[in-house]
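This report describes selected features of one protein model. Please consult the sequence and the structure shown here while reading.

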Amino acid sequence: MNSMITMGDVPGGGPAQMDLGELLATRLLVQGNSGSGKSHLLRRLLEQSARMVQQAIIDPEGDFVSLAEKFGHLVIEAADHSEMALHAAGERMRVHRASVVLNLEGLDADQQMRWAAAFMGGMFEVPRQHWYPVLVVVDEAQLFAPAAAGEVSDEARRQSLGAMTNLMCRGRKRGLAGIIATQRLAKLAKNVAAEASNFLMGRTFLDIDMARAADLLGMERRQAESFRDLERGTFVALGPALCRRPSVVRIGVVETDSRSAGPVLAPFAPPEAPVHDLILAPVAAQDMPARARRPAPVPQPDLLSQLAAHGEAQMNRAEPEDELETPTSQAEREAGMAAILRDMLGDEEAAFRPAPVLYQDFLVRCRIAGLGRNALDMRRFGRLLATARSGVSRDLSESSDWQQAESLAAGLPEDLQGVFLFLARAAIEQQPCPADADIARVYGTASNGRARRLLGWLEDRNLIVLRSDGVGRRVLSVIGAGWETLPGVADA
Ligand SMILES: Nc1ncnc2c1ncn2[C@@H]1O[C@H](COP(=O)(O)OP(=O)(O)OP(=O)(O)O)[C@@H](O)[C@H]1O
Ligand SMILES: [Mg+2]
């Protein structure tokens with residue numbers, strides 16, 4: 001397949017092409033001051049290659065969401081999802097080979113770093129059979145791989161820098177091709193910048209950035225002075241996917257809109273009423289805007305609740321008002337539903353399918369048992385499922401220890417509650433620490449790496465402590481409660 005795309009033209013010298021196949025192996029760094037046209041350049045690159053290669057865009061400002069309309073990218077609003085969910089999304093976008101825009105707008109700097117790291121971590125850790133090529137575009141890369149410690153927490157910086165280093169240094173084998181853009185080369189971590197072999201350098205004013213750019217391009221610093229005079233949308237290109245000698249490239253037009261159109265001068269007429277009154281009129285208390293940095297987000301129903309709502313709507317349609325339901329007491333109904341769930345989980349194959357899939361199955365079985373109209377909603381089903389997956393016995397489930405475990409679990413994201421209860425049960429019952437594979441199974445995944453990350457996550461949040469006994473076997477304690485497992489199998 002011809003893997004050439006046209007980025008624009010060389011002034012006075014025909015089209016400026018980029019070899020996508022080569023780009024996948026050799027990565028790209030774009031730098032230029034604000035307004036030099038980096039985002040425009042990235043957009044051109046993404047549009048031209050959208051039908052040729054899968055793409056992931058880490059978008060701190062929501063600049064690229066418009067790619068969805070024309071090219072069908074899935075836009076993930078990061079603010080609506082947990083860190084864990086983004087890790088899974090990173091993995092799944094590769095499994096299903098979907099192009100994605102990760103919109104990080106509205107998150108604070110610390111969250112932007114952690115959420116982006118989780119997503120990139122998921123893409124990086126996907127099993128080998130899914131290592132198809134993906135362009136991973138990171139705009140404002142200095143936010144995710146800062147050269148110096150800033151105001152964000154060390155933890156966020158460590159995670160995000162790690163993910164960016166993985167992307168640029170170890171991503172190639174896994175099919176990930178990093179394309180990063182930055183306003184200030186001097187603010188970007190050196191090891192991340194150094195791994196790109198292709199460069200597009202736009203207008204740059206500060207000496208320190210120019211010096212770094214000259215070093216990367218192998219130019220004399222004096223020559224780099226010319227970066228000051230570059231016009232908006234014009235870049236000096238160099239690298240195996242672009243050209244063998246530095247050459248000026250003028251980036252072509254784009255098909256989709258940018259939201260950052262920038263300030264535009266527009267004529268305006270003077271206001272009619274006296275300005276003082278217009279601007280300083282007293283404000284009624286109820287009109288006072290909240291001091292929040294941004295309006296409270298309209299809560300978006302998550303995917304699971306949407307599925308649940310869908311299921312309920314389906315069911316209501318299927319059951320006319322006058323249809324008879326076996327009248328039973330609340331307690332009987334709950335016992336009936338618990339029995340249905342036990343039955344479902346008794347089937348080894350089905351037991352560890354994802355919760356939304358199980359929920360659909362559950363609803364059908366409830367209807368068959370005449371419990372349709374009173375079936376649990378998705379949230380309560382999730383709790384029941386978590387309890388069932390923990391493997392707790394009836395006796396234990398009535399103990400005060402278990403109530404304490406459940407209240408600890410209630411503070412966790414829903415998808416983690418089952419895993420936590422499973423671990424807590426092992427600790428309360430003083431059984432051996434579960435192996436990674438068992439933990440993964442309870443979480444509904446085959447990845448042992450995921451299980452270890454879950455443990456790491458719970459440990460980071462001071463819920464559990466892991467240590468190894470003298471012979472390298474894992475022991476797990478639940479912080480605060482004092483429950484502790486026996487040593488698990490070695491190297492679990
Ligand atoms: N090659 C070009 N042709 C036409 N318009 C361009 C070109 N490059 C940039 N522009 C326009 O210039 C403005 C600034 O460009 P862009 O947003 O890409 O800058 P940037 O380098 O990403 O800036 P920042 O670092 O502040 O995000 C935009 O309105 C964009 O549409
Ligand atoms: Mg930009």
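## Second largest pocket

The lining of the second largest pocket comprises 13 nonpolar, four polar and seven charged residues. In this division, Ala, Val, Leu, Ile, Met, Phe, Trp, Tyr, Cys and Pro count as nonpolar, Asp, Glu, Lys and Arg as charged, and the others, Gly among them, as polar. The pocket holds about 880 Å³ of space. Of its 24 lining residues, Ala 338, Leu 384, Thr 387, Ser 397 and Glu 406 are the closest to the centre. At least two lining residues come from each of helices H12 (330–346), H15 (378–390), H16 (394–397), H17 (400–410) and H18 (414–428).

A pocket is an open set of points on a 1 Å grid over the protein atoms alone, where a 1.4 Å probe fits, with protein on both sides within 12 Å along at least five of seven lines; lining residues have an atom within 4 Å of a point. Grid points are joined across faces, edges and corners, and the volume is the space filled by probe spheres set on the points. Helices (H or I, at least four residues) and strands (E, at least two) are DSSP runs, numbered from the N terminus.

## Basis of the model

The model is predicted: local features need pLDDT of at least 70, side-chain atom pairs count only at pLDDT 80 or more, and totals for chains, interfaces and linings use all residues. Residues are numbered from 1 along each chain as its sequence is written, chains are lettered from A and ligands numbered from 1 in the order in which they are written, and side-chain values use heavy atoms, with hydrogens and water left out.

Beyond its neighbours within four places in sequence, Met 164 is in contact (heavy atoms within 4.5 Å) with Met 120, Val 138, Ala 141, Phe 144, Ala 145, Ile 180 and Val 192.

Arg 27 lies in the loop between helix H1 (20–26) and strand E3 (28–31), and Gln 430 in the loop between H18 and helix H19 (436–443).

Buried means under 20% relative accessible area, exposed over 50%, and partly exposed in between (1.4 Å probe, protein chains only). Arg 27 is buried because its relative accessibility is 9%, whereas Gln 430, at 54%, is exposed.
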